[in-house]
Amino acid sequence: MPMGQWSMVNGQRSMKIYKNPKHEEWAEIVERPRLDLARLNDTVSSVLDDVRRRGDEAVRHYEELFDHATLGELRVSEEEMDEAEKAVSNELRDAIILAHHNIKVFHISQRFVGQKVKTQEGVTCWQKSVAIERVGLYIPGGTAPLFSTVLMLAAPARIAGCREIVLCTPPGRDCKINPAILVAARIAGVHKIYKIGGVQAIGAMAYGTETVPRVYKIFGPGNQYVMAAKQQVSIDQVAIDMPAGPSEVCVLADDSANSEFVAADLLSQAEHGADSQVLFITTSEKKMGEVQREVERQLALLPRHEMAEKSLANSSFVLVKDYDEMIELSNRYAPEHLIIQTSNYEQLAERVVNAGSVFLGKYACESAGDYASGTNHTLPTHGYATAYNGVNLDSYCRKITFQHITEEGIHHIGHAVELMAEAEQLDAHKRAMTVRIEEVRGEFNI
């Protein structure tokens with residue numbers, strides 16, 4: 001088949017279909033929807049500058065303008081936290097507690113254990129892991145209040161030992177926060193919560209206001225304005241977790257795959273937003289047809305079917321000749337989420353080099369990782385999995401290196417340091433070692 005042909009769903013152009021595409025056609029298959037953040041920069045920059053200058057006053061202005069919320073106090077009170085507890089069912093609260101437990105168990109296993117290393121006699125080096133003292137978490141509200149992201153971001157922050165965890169999330173028109181977000185924040189141990197969304201939230205955490213403390217690193221997903229704001233403040237003010245784009249999934253399947261499961265996985269990603277993307281790669285033409293029909297059937301049942309339908313227009317179904325091409329194309333795509341539903345999933349998993357999070361076998365759906373298996377769902381998108389990993393315990397820590405050198409150490413490395421400093425024409429560097437060499441030798445004619 002030539003370059004991808006369009007499939008139709010409900011009379012609308014849907015996913016592209018590729019059958020045994022040539023390698024030179026892969027560039028089109030792995031291309032993401034283009035995000036033109038440049039066109040947002042002026043708007044985002046003006047909001048950030050205003051928040052930097054006017055603090056809380058600017059934050060309230062933009063909350064009224066964008067979220068249609070007229071706010072008094074920006075910080076969520078204990079009374080509001082208690083009210084949220086009553087609004088969330090015991091069943092949902094228990095589910096949040098279970099998910100939090102699993103996320104904690106997995107992230108506790110990532111604790112760094114440093115060791116002292118003797119590189120030469122008299123030269124000892126080691127690392128110490130130190131938590132970032134103050135971190136900021138951004139939790140989107142809008143059409144899908146992501147209370148699960150509270151757990152994903154706050155649990156490792158607490159395990160790492162961050163002294164202050166600040167959370168911002170947009171309020172509704174009633175000036176209240178989704179109660180599940182507040183319950184998750186209390187369970188996960190967030191210290192301060194603010195009713196602030198969008199660019200103004202990123203600015204408040206990056207620069208600090210009269211109410212919101214300035215943080216050292218900002219975590220969390222958001223829309224294109226939030227992404228642009230995170231990129232701008234990261235230039236000179238604050239660190240961010242990673243570059244981000246729309247969410248995505250790649251599913252690998254052969255004849256053994258369950259077509260209903262595969263379609264459900266593809267649609268669970270597609271419903272995230274109109275700019276989300278799904279990629280389905282299979283070695284079976286029969287399976288491709290089955291999954292395509294199953295997607296059409298399940299799509300009609302979804303409350304968010306219109307959004308998922310738009311997402312499918314950014315998506316591709318690809319038939320490849322064998323497992324080698326399957327894994328090669330997947331690694332080329334570098335998906336945020338990778339689901340491997342093949343008979344040899346363990347062997348294919350060994351060959352994964354570019355992916356945010358991998359789900360193995362027919363029962364490991366992306367939803368499990370999104371909520372309760374224990375792995376973190378804050379992951380690199382838009383191809384950044386070639387260079388970035390998802391959020392983990394190390395994301396909240398810095399490694400500080402230490403070294404201790406004795407007289408014997410000076411004897412072993414001192415002259416090498418002198419020679420290298422001299423070759424780089426850094427005489428003061430050389431002299432810093434020379435005076436120590438002379439003292440060790442008992443020569444004090446500096």
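The following legends describe an overview and several close-up views of a predicted model.

**Figure 1. Overview of the predicted chain.** The chain has 446 residues, of which 50% count as buried. Its secondary structure comprises 17 helices and 15 strands. Along the principal axes, the C-alpha trace extends over about 90 × 60 × 45 Å. Of the contacts between residues at least 6 apart in sequence, 73% link residues at least 24 apart. The accessible surface amounts to about 21,600 Å², and carbon and sulfur atoms account for 49% of this area.

**Figure 2. An open sheet of three strands.** The strands lie in the order β3-β4-β15, and their pairing is antiparallel. Strands β3 (117–120) and β15 (397–405) form the edges, each pairing on one side only. On average, and ignoring direction, neighbouring strands of this sheet are turned by 30 degrees against each other.

**Figure 3. The pairing of β4 with β15, and the helix that packs on the sheet.** Strand β4, which covers residues 123–131, pairs with β15 in the antiparallel sense over nine bridges. Within this pairing, tryptophan 126 stands opposite phenylalanine 402 of β15. Helix α16, formed by residues 407–423, packs on the sheet and touches β3, β4 and β15. The direction of helix α16 makes about 100 degrees with that of β15.

Figure 4. The side chain of histidine 377 makes a polar contact of 2.8 Å with the side chain of threonine 149. When residues up to four places away in sequence are not counted, histidine 377 touches Ser148, Thr149, Met152, Glu336, Gly369 and Asp370.

**Figure 5. Valine 233 in helix α9.** Helix α9 comprises residues 224–233, and valine 233 is part of this helix. Valine 233 has a relative accessible area of 0% and is therefore buried. Which residues are in contact with valine 233, leaving aside its neighbours within four places in sequence? They are Leu48, Ile202, Ala206, Tyr207, Ile218 and Val238. For a view that also includes glutamate 366, the C-alpha atoms of valine 233 and glutamate 366 are 31 Å apart in space, and the two residues are 133 residues apart in sequence.

How values were computed: Residues are numbered from 1 along each chain as its sequence is written. This is a predicted model: local features need pLDDT of at least 70, side-chain atom pairs count only at pLDDT 80 or more; totals for chains, interfaces and linings use all residues. Side-chain values use heavy atoms; hydrogens and water are left out. Two strands pair if DSSP finds at least two bridges between them. Helices (H or I, at least four residues) and strands (E, at least two) are DSSP runs, numbered from the N terminus. Axes are lines fitted to C-alpha atoms, for helices over the stretch in contact, and angles run from 0 to 180 degrees between N-to-C directions. Contact means heavy atoms within 4.5 Å. A polar contact is a pair of N or O atoms within 3.5 Å; within protein, one must be able to donate a hydrogen and the other to accept it, and residues adjacent in sequence count only if both atoms are side-chain atoms. Buried means under 20% relative accessible area, exposed over 50%, partly exposed in between (1.4 Å probe, protein chains only). Accessible areas come from the Shrake-Rupley method with a 1.4 Å probe; for residues, only the protein chains shown count as cover.
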